Amino acid sequence: MKKATLAAITALMMSTIAAQADGHCAAGKTLTDGKFTVATGNPAYFPWVLDDAPESGQGFEAAVAYAVASEMGFEAADVVWVRSSFDEAIQPGAKNFDVNMQQYSITPERDQVVDFSAPYYTAPMAVLVGPGAVDTAPTMDALKSLLWGAVGSTTAVPKLENVIQPSKSPLLYGDNADVNAAIGANQIDAALFDLPTALFLSAVMIEGSKVIGQFPADSGDNPDQFGMLMEEGNPLKSCIDAAISTLTENGTMAEIEATWLQNTTGVPLIK
Amino acid sequence: MPHQQTAGPTRRQIFEARQRRKSLVIASASTITVVVALIVLVPLAPGWSKVQQSFFNGAVLAKSFPKLLDAFMINVMIFAWSAPAIAVLGLLIALARDAKSPALFPLRIFGAAFTDIFRGVPVILTVYLIGFGIPGLGLPRPWNSPYIWGSLALVLTYSAYVAEIFRSGIDSVHKSQRAAALSLGLSERQVMQDVVLPQAVRNVVPAQMNMLIALQKDVSLLSFIGPVEIFRQAGVFKSLMANFTPYVGAAIIFLIVTIPATRYADYLMARQMRERS
């Protein structure tokens with residue numbers, strides 16, 4: 001009886017190891033052995049995840065997740081998706097995911113509570129204006145006089161306060177959908193989004209709106225860099241950083257970016 | 001009776017004084033025990049240092065508090081113009097529901113429907129629907145301001161509650177008073193205005209104080225449609241610093257306002273009890 005149990009356990013261990021690319025960096029460090037659990041938003045939006053179905057690998061963040069997983073020795077079938085909110089992700093304590101990808105900008109303050117991977121994307125900020133303000137010139141002076149809105153929990157807020165310094169105090173909202181509603185109701189003229197989101201919103205969500213300009217990603221203020229969010233002190237971090245740096249060096253990241261986040265030269269730089 | 005004091009305290013008074021001292025000692029001892037236990041035991045919890053870092057961070061509090069106070073002025077402003085509107089509309093709805101004349105029956109139906117709808121829908125839904133919905137119809141600026149329509153949503157919801165409290169106050173005035181006033185030759189309107197309402201309003205003042213306190217907190221729901229009041233400002237700090245201390249700061253500011261208001265409501269209620277007994 002004891003022997004049979006032992007044999008079964010051995011067989012089980014063998015199969016786990018076989019499924020996980022013998023002795024790989026991530027072995028035994030994930031939430032569930034042999035699985036890589038990735039959290040995304042609920043719902044997750046285009047172009048980060050297409051059709052709210054990250055399992056398809058379609059969309060920028062879904063594609064990055066599968067590329068990183070494969071680099072760490074996981075089969076595509078071993079990638080498990082869960083959903084989480086922003087607050088769930090940054091509160092202290094144990095997480096129900098290995099990494100969380102929801103366009104989290106890496107900030108030193110956030111980094112004190114949770115861990116971030118090396119950045120997988122550097123997003124420039126872009127200005128989306130409603131139908132009433134599409135003729136605004138892409139200059140700082142013109143931008144100052146607009147009535148601004150932004151999502152209160154993003155780094156767009158300090159960007160507004162420190163770089164644009166609008167003459168009227170901005171209105172802040174809970175999520176992108178509410179900012180869209182406010183632009184639709186003409187309660188605000190313009191909003192700051194990262195460029196991919198702004199392009200999507202103007203093309204699909206808000207009729208008559210336009211992306212009038214983008215800030216250079218390398219200007220004096222910190223550009224937004226997206227990192228995978230992890231529990232503070234997660235041992236998986238070094239494996240993920242290594243995978244991302246390999247993917248960046250061999251050009252895979254750039255390829256994924258080109259596929260899922262189209263060339264954005266149509267939007268001028270703000271002077 | 002004062003004239004008995006000349007003979008010194010009675011045995012009963014001495015006994016009662018001793019009882020009072022005894023219960024004071026016991027109350028102090030048990031309070032001190034509980035507070036000391038909390039101060040000693042809570043930091044022993046394994047996650048305390050993490051919780052302290054993210055919820056009770058002095059540096060973050062100092063950095064965010066002045067801006068939170070500024071943002072609280074927006075709460076005060078919205079409160080200041082909503083509260084009188086709620087009092088007036090609430091009273092009108094209560095009177096509509098109390099209309100006696102058969103010709104005014106539609107008014108009663110309206111009053112009932114109003115209270116049913118706005119008490120039944122969560123405040124945040126009303127704020128969203130009115131705050132985004134009505135400006136979405138294409139109103140020009142400044143008439144599409146979220147301040148106007150968000151405040152209207154609060155006024156509608158709170159009037160429904162306040163109207164019900166006024167109505168209970170009107171019902172608390174005994175029917176015989178109406179009958180007596182009518183028999184003196186007063187009109188229905190005079191009876192309501194000069195006999196019933198003055199008593200009804202006095203009777204419900206403590207209950208309405210509680211509505212004011214609740215309103216003071218619910219003003220924060222307007223943050224969902226744009227205004228950067230204290231809750232949103234705290235949320236901005238929370239996101240920037242990945243720290244929940246600004247929420248604790250906001251809670252402190254709310255408490256500074258609501259605790260005195262609550263004590264005052266308690267005092268009014270106690271005074272009313274004394275007057276009635």
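This is a predicted model: local features need pLDDT of at least 70, side-chain atom pairs count only at pLDDT 80 or more; totals for chains, interfaces and linings use all residues.

Start with strand β10 of chain A, residues 210–214. Four of its five residues are buried, so β10(A) is largely enclosed by the rest of the structure. Its partner here is strand β6 of chain A, residues 125–129; the two pair in the antiparallel sense, over four bridges. Within that pairing, A:Val127 stands opposite A:Gly213 of β10(A).

A:Val127 brings us to the core. The largest nonpolar core has 131 residues, and those touching the most other members are A:Ala65, A:Val68, A:Val127, A:Leu128, A:Ala150, A:Ala190 and A:Ala191. Which element gives this core its largest share? That is helix α6 of chain B, residues 146–172, with 13 residues. As a general remark, nonpolar side chains in soluble globular proteins tend to be buried together.

Take A:Ala150 from that list. Leaving out residues up to four places away in sequence, A:Ala150 touches A:Ala156, A:Val157, A:Leu160, A:Pro170, A:Leu172, A:Val179, A:Ala191 and A:Leu192. A:Ala191 is itself on the list of residues that touch the most other core members.

Last, the contact between the chains. On the chain B side there are 21 residues, in contact with 26 residues of chain A. The elements of chain B that give two or more residues to this side are α2 (48–55), α5 (123–136) and α9 (230–241). α9(B) gives the most, with six. By class, the chain B side has 11 nonpolar, seven polar and three charged residues.

Technical notes:
Residues are numbered from 1 along each chain as its sequence is written. Chains are lettered from A and ligands numbered from 1 in the order in which they are written. Two residues are in contact if their C-beta atoms, placed from the backbone, lie within 7 Å. Ala, Val, Leu, Ile, Met, Phe, Trp, Tyr, Cys and Pro count as nonpolar, Asp, Glu, Lys and Arg as charged, and the others, Gly among them, as polar. A residue is buried if 20 or more other C-beta atoms lie within 10 Å of its own, exposed if 12 or fewer, and partly exposed in between; C-beta atoms are placed from the backbone. Two strands pair if DSSP finds at least two bridges between them. A nonpolar core is a set of buried Ala, Val, Leu, Ile, Met, Phe, Trp, Tyr and Cys residues joined through C-beta atoms within 7 Å.
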